[in-house]
Amino acid sequence: MRYLSFDLSESGDGVTTLEAMAATDAQQHAAVMAEVQQVLAWAHHHFPHRHGPVDDGYEWQHDLQVTVDSAPGGHTWHGVTLTLSASDAFVAAFLPALAAPAG
């Protein structure tokens, strides 16, 4: 990942939260969203039919937030936050995939 920066936090109940964030100008926003789509495509491919509330027995769920803020000089910043709530099995498979070189 070139733009998304991941933060991992674990709870005591077997649910891990992976939060990916990026803040870029408008020119890089499409590239950020391509990374978001790459993450979601991986999740849907490797854990098909298991997307839903983790508390209800599913492996993963996500929330995507996009904000646009004006900056001085007429510039805009696009903030993207992708939050994945996931089971231990999802995280164990995802972290090595995240660390693998793209290609």
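A: Of the contacts between residues at least 6 apart in sequence, 58% join residues at least 24 apart, where contact means heavy atoms within 4.5 Å. This is a predicted model, in which local features need pLDDT of at least 70 and side-chain atom pairs count only at pLDDT 80 or more, while totals for chains, interfaces and linings use all residues. Residues are numbered from 1 along each chain as its sequence is written, and side-chain values use heavy atoms, without hydrogens and water.

The protein has two helices and four strands, in the order β-β-α-β-β-α from the N terminus. Both kinds of element are DSSP runs numbered from the N terminus: H or I of at least four residues for helices, E of at least two for strands.

Let's settle on β4 (76-86). Eight of its 11 residues are buried, so β4 is mostly covered; buried means under 20% relative accessible area, exposed over 50%, and partly exposed in between, with a 1.4 Å probe and protein chains only. Over the protein as a whole, buried residues make up 33% of the 103 residues.

Now for its partners. Two strands count as paired if DSSP finds at least two bridges between them. β4 pairs with β2 in the antiparallel sense over 10 bridges, and here glutamate 19 stands opposite threonine 83. β4 also pairs with β3, again antiparallel, over 11 bridges, and valine 80 in β4 is the bridge partner of valine 66. The hairpin of β3 and β4 has five residues between the strands, and glycine 73 takes a positive phi near 85° there.

That Val66–Val80 bridge is a handy place to look around. Histidine 29, in helix α1, contacts both Val66 and Val80, along with Thr24 and His78, leaving aside neighbours within four places in sequence. Histidine 29 is buried because its relative accessible area is 17%.

The most comes from α1, with seven residues. Such a core is a set of buried Ala, Val, Leu, Ile, Met, Phe, Trp, Tyr and Cys residues joined through side-chain atoms within 4.5 Å. Among its 20 residues, those touching the most other members are Leu4, Val36, Trp60, Leu84 and Phe90. Not counting residues up to four places away, Trp60 touches, among others, Leu84, Ser85, Ala86 and Phe90, as well as Leu40 and Ala43.
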